[in-house]
Amino acid sequence: FAAGSCQEEGKKLLQRAIDLEPAHVGAVCQYARLLQEEGTTDEARRMFDTALNLHPQNIDALNGLGTIYEARAQHVWAGTDSTDEKGEKERRMLLEKAQSMYTRALALAPLHPDTLSNRGALLACHTGAQGHDEAEHCYRKALQGAPNH
């Protein structure tokens with residue numbers, strides 16, 4: 001959906017679809033992505049959780065939750081200094097959750113380009129030099145499966 005009024009209209013239509021068919025996982029995930037794009041991440045997370053309750057092996061929901069946890073970890077990192085042990089512990093926990101979501105998704109769909117790219121970004125940004133080789137492997141694998149990705 002385009003930005004602005006089109007996005008609002010899209011949200012309304014998706015909400016109506018979910019009201020009519022609450023078990024429609026595709027609509028739930030699409031609605032969650034729209035919420036995530038507009039920055040309503042708590043509600044987006046709840047919608048992705050709903051999708052996983054309906055279909056525990058939904059790749060889009062797993063990938064979406066991974067991106068939410070990773071974004072939260074980045075937010076915590078930006079708001080803490082290097083001596084804040086509690087903040088660092090929370091950041092590591094969120095990154096572990098993100099990694100777990102990506103791992104679950106890739107176990108189900110090893111060549112899912114979005115998940116491979118997201119996992120690669122997590123490794124490149126949050127694991128230091130030791131994660132760069134694995135990040136590159138994720139990016140190469142994503143491009144193999146979807147060369148135009």
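**View 1. Contacts of M47.** M47 is in contact (heavy atoms within 4.5 Å) with I18, V28, Y31, A32 and L35, leaving aside its neighbours within four places in sequence. This is a predicted model: local features need pLDDT of at least 70, side-chain atom pairs count only at pLDDT 80 or more, and totals for chains, interfaces and linings use all residues. Residues are numbered from 1 along each chain as its sequence is written, and side-chain values use heavy atoms, with hydrogens and water left out.

View 2. Helix α3 covers residues 41–54. Helices are DSSP runs (H or I, at least four residues), numbered from the N terminus.

**View 3. The largest nonpolar core.** This core has 36 residues, and M47 and F48 have the most contacts inside it. A nonpolar core is a set of buried Ala, Val, Leu, Ile, Met, Phe, Trp, Tyr and Cys residues joined through side-chain atoms within 4.5 Å. Helices α1, α2, α3, α4, α5 (85–108), α6 (113–126) and α7 (129–145) each supply at least two of its residues.

**View 4. Confidence by helix.** Mean pLDDT (the predictor's confidence in each residue, from 0 to 100) is lowest in α1, at 85, and highest in α3, at 96.

Notes:
The expected span of a helix is 1.5 Å times one less than its number of residues. Buried means under 20% relative accessible area, exposed over 50%, partly exposed in between (1.4 Å probe, protein chains only).
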